[in-house]
Amino acid sequence: MDSSVLIESFSEFAKSKNVDRPTMIRILEDVFKTMIRKKFEYDDNFDIIINADKGDLEIWRFREIVDDNSEDIWDHDKISLTEARKIEPDFEIGEEVAEEVKLLDFGRRMVMTARQTLIQKVKDLEKDILFQKYKDLVGEIIVGEVYQVLGREVLLIDAEGNELTIPKSEQINKDRYRKGDSVRSIVDRVEIVNGNPRIILSRTSPTFLERLFESEVPEVYDGLITIKKVVREPGERAKVAVESYDDRIDPVGACVGMKGSRIHSIVRELQNENIDVINYTENMDLYISRALSPAKITSIKVEEESKRVSVYLKPDQVSLAIGKGGQNIKLASRLVEMEIDVFRELDGLEDEDVALSEFSDEIEEWVLEELRKIGLDTAKSVLNLSIEELQRRTDLEEETIQDILDILKQEFEQ
């Protein structure tokens, strides 16, 4: 293969992969130096001159002329006088011989190997560029186009045709994808799998919701409002704690917008995820009260050492505090980073009720704790719910629930 054909074909390939000229020249030099080392063992006395635009290649070998009987005659950068005069008859000892090495001198097999090496180096460079590009974009929103919907993941392509993936675990349950759809998500992480970069996107990450607030609320983008913490049950419910350092700005009002205009676009993007925006405060009692909104709390007891909170509410507020499927209390606990236990306050009309703690000799403590987690701390509060409802809201089995109900019913029958 002629050197001009090799370099021109490589240059075209490199340009198609958006490889800049200095990098292209460096790759060519590295490959030719490898060829030189394979044939001559050393490359320090060779010069490589490349003109990628014209496809020109010159390889020059430099050696010092020594006497035929010199001990240095076998050094890689020395040549005997006799050998030198075969190249140029008027050479003298001490002069330097510059000898051009043609590409064909390396043999056809080595040249073909070099061609494959050049292509592979560009492909490796392309992978590295892609990896570095998306590594710098981790946590940022990007838009991709769906081109294949699989069971465990959805494959997208970006504007440059690079493959991206949203695994099932990073999809909102209500998301439905069709080929050609534009999808917004954040770059969650970038991994190397079998030598190839794998770009993993997410729509369930709290960071995605944070970035959506930045894009829809100018005050958040400008840093006038800070998002302190985001917790989510993707596609279902989220709580966002916000704070403003400017007393003139209402952080909750700014995030929600006039008649909910700002938050509505975020809610639609997240498949109608119910978003509670909460004003952050360092007053823990007040912060917990806001986190459990819309429930109205009667009193709070915070145990800092155990990171546990006991919250007391009127009976009609308990279900609001717990929320559908326990979502509200779970998210509130994660938001304040403390375990919240809900208790109902008994009024005069409920004097006949019995606290669950009274049944500790008949019902195991871990079972009672499971009931307390969903705000059930009296016998009647448990009996008011069906087996199906108790099974859905706790991790208890049907047989265990039936045993509990039987024990509690006996108390009132007596």
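# Cores, a pocket and some loops

Biologist: Leaving aside neighbours within four places in sequence, which residues is Val382 in contact with?

Modeller: In this predicted model, once neighbours within four places in sequence are left aside, Val382 is in contact (heavy atoms within 4.5 Å) with Leu356, Leu371, Leu376, Leu390, Ile404, Leu405 and Leu408. Residues are numbered from 1 along each chain as its sequence is written, and side-chain values use heavy atoms, without hydrogens or water. Local features need pLDDT of at least 70 and side-chain atom pairs pLDDT 80 or more, while totals for chains, interfaces and linings use all residues.

Biologist: And which residues have the most contacts inside the largest nonpolar core?

Modeller: Those are Val382 and Ile340, within a core of 41 residues; such a core is a set of buried Ala, Val, Leu, Ile, Met, Phe, Trp, Tyr and Cys residues joined through side-chain atoms within 4.5 Å. Apart from that core lies another one, of 28 residues, which includes Ile7, Ile25, Leu103 and Phe106.

Biologist: Switching to pockets, what volume does the largest one have?

Modeller: The largest pocket comes to about 310 Å³. A pocket is an open set of points on a 1 Å grid that take a 1.4 Å probe, with protein on both sides within 12 Å along at least five of seven lines, and lining residues have an atom within 4 Å of a point; the volume is the space filled by probe spheres on those points.

Biologist: Which lining residues are closest to its centre?

Modeller: The lining has 14 residues, and Ile329, Lys330, Lys373, Ile374 and Arg393 are the closest to the centre of the largest pocket.

Biologist: Which helices and strands each supply at least two of the lining residues?

Modeller: They are α11 (327-336), β15 (339-344), α12 (365-373) and α14 (387-393), where helices (H or I, at least four residues) and strands (E, at least two) are DSSP runs. Helix α11 gives the most to that lining, with 3 residues.

Biologist: Back to Lys330, then: where is it, and how exposed?

Modeller: Lys330 sits in helix α11 and has a relative accessible area of 48%, so it is classed as partly exposed, given that buried means under 20%, exposed over 50% and partly exposed in between (1.4 Å probe, protein chains only). Its C-alpha atom is 9.6 Å from that of Val231, a residue 99 places away along the chain.

Biologist: Which residues other than glycine have a positive phi?

Modeller: Asn272 is one of them, with a phi of about 65°, and Glu337, with phi near 60°, is another. Asn272 is found in the loop between α8 (261-269) and β12 (274-279), whereas Glu337 lies in the loop between α11 and β15.

Biologist: Are those two residues buried or exposed?

Modeller: Asn272 counts as exposed because its relative accessibility is 55%, and Glu337 is exposed too, with a relative accessible area of 53%.

Biologist: Last one: what does UniProt list for residues 139-204?

Modeller: The unreviewed UniProt entry gives "domain: S1 motif" for residues 139-204, an annotation that may be inferred rather than shown by experiment. Over that stretch the chain is 58% strand and 0% helix, and its end C-alpha atoms are 12 Å apart.
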